[in-house]
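Please look over the sequence and the model shown here before reading on.

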Amino acid sequence: MTPAVIQLAAEAAERRSAEVTDWGARMSWVLGLLVFIAFVYWLMRQGWKWRGALQSDLPELPAAPGGLPEHRLALTGRYHGSTTAGQWLDRIVAHGLGVRSRVELTLTDAGLDVVRPGATDFFVPAAQLRGARLDKGIAGKVLTEGGLLVVTWAHGDKLIDSGFRSDRAAEHAAWVEAINLMNQSITTEGAER
């Protein structure tokens, strides 16, 4: 062999790339990452269950009575959750109130019927309604100013804010007006007695 051939063989050997992937180390890192993610999800679930245990003093949610009167307003949209009134980050998770879902709201003279496919339905009697307003956020959901219909109601000894967003946001103002007028008439009726 000539020196030129030996030199070409040496250059060819240098150009060959080294093994890049250490599969054992890579699989260890991937497995470790998956275990870490599973642990974080487990911690989040435990926190949710702990919050539910803290709120276990909240009474069961009332169901809609049979034969509701003619509805004043109805809407379909999203239920975004419930919080302690005035504390928009204090989510209530007891009795399924923390579960986001689609919603069908119906306002009648008897109260507010909340039908949530895939989650617990509930009914807020008219006497328990405290008011409604437009807001921009509730625990875990922030929208544009006035993008969320927030209904305040009493349940047990606690005031609760529940957040809804209609498929047609222009309906929100009519809901605020109707619930506040309803609340005003119930309050004045109670004062007259």
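Leu105 has Val114 as its bridge partner in β4, strands here being DSSP runs of E of at least two residues and helices DSSP runs of H or I of at least four residues, both numbered from the N terminus. This is a predicted model, in which local features need pLDDT of at least 70 and side-chain atom pairs count only at pLDDT 80 or more, while totals for chains, interfaces and linings use all residues. Residues are numbered from 1 along each chain as its sequence is written, and side-chain values use heavy atoms, with hydrogens and water left out.

The pairing of Leu105 with Val114 belongs to an antiparallel arrangement in which β3 and β4 share 5 bridges; two strands are said to pair if DSSP finds at least two bridges between them. These two strands make a hairpin, with 2 residues between them. Val114 also has a bridge partner in β5, namely Phe122, and β4 and β5 likewise run antiparallel, over 4 bridges. The hairpin that β4 forms with β5 has 6 residues between the strands, and Gly118, in its turn, has a positive phi of about 85°. Of the 5 residues of β4, 4 are buried, so that the strand is mostly covered; buried means under 20% relative accessible area, exposed over 50%, and partly exposed in between, calculated with a 1.4 Å probe on protein chains only.

The loop between β4 (111-115) and β5 (122-125) holds Arg116. Leaving aside residues up to four places away in sequence, Arg116 touches a set of residues including Tyr79, Leu97, Val103, Asp121 and Phe122, where contact means heavy atoms within 4.5 Å.

Another arginine to inspect is Arg91, in strand β2 (residues 91-92). Arg91 is buried and has no salt bridge, and the nearest side chain of opposite charge, that of Asp90, is 8.8 Å away. The Arg91 side chain reaches the backbone oxygen of Gly98 at 3.3 Å. Among the residues that Arg91 touches, not counting those up to four places away in sequence, are Trp48, Gln55, His80, Arg100 and Ala139.

Side chains of opposite charge can pair when their charged atoms come close. A search of the whole structure finds 5 salt bridges. One of them joins Arg72 to Asp109, with the closest N and O atoms 2.7 Å apart. This pair links distant parts of the chain, since Arg72 is in strand β1 (residues 71-84) and Asp109 in the loop between β3 (101-108) and β4, 37 residues apart. Arg72 is partly exposed at 42% relative accessibility, and Asp109 is partly exposed as well, with a relative accessible area of 48%.

A salt bridge also connects Arg133 and Asp161, at 3.1 Å from N to O. Here too distant parts of the chain are linked, Arg133 being in strand β6 (residues 129-135) and Asp161 in strand β10 (residues 158-166), 28 residues apart. Arg133 is partly exposed, with a relative accessible area of 33%, whereas Asp161 is buried, with a relative accessible area of 4%. Through salt bridges that share partners, Arg133, Asp135 and Asp161 are joined into one network. Glu171 and Arg168 form a further salt bridge, their closest N and O atoms being 3.2 Å apart, and Arg168 is partly exposed at 45% relative accessibility.

Two other places complete the tour. Gly156, in the loop between β9 (148-155) and β10, is exposed, with a relative accessible area of 58%; its C-alpha atom is separated by 9.7 Å from that of Leu61, which is 95 residues away along the chain. Residues 27-44 carry the feature "transmembrane region" in an unreviewed UniProt entry, and such annotations may be inferred rather than shown by experiment. In the model the chain over residues 27-44 is 100% helix and 0% strand, with the end C-alpha atoms 26 Å apart.

Definitions and conventions
Salt bridge = Lys/Arg side-chain N within 4 Å of Asp/Glu carboxyl O. Lys, Arg positive; Asp, Glu negative; His and termini not counted. Polar contact = N/O pair within 3.5 Å; in protein donor to acceptor, adjacent residues only side chain to side chain.
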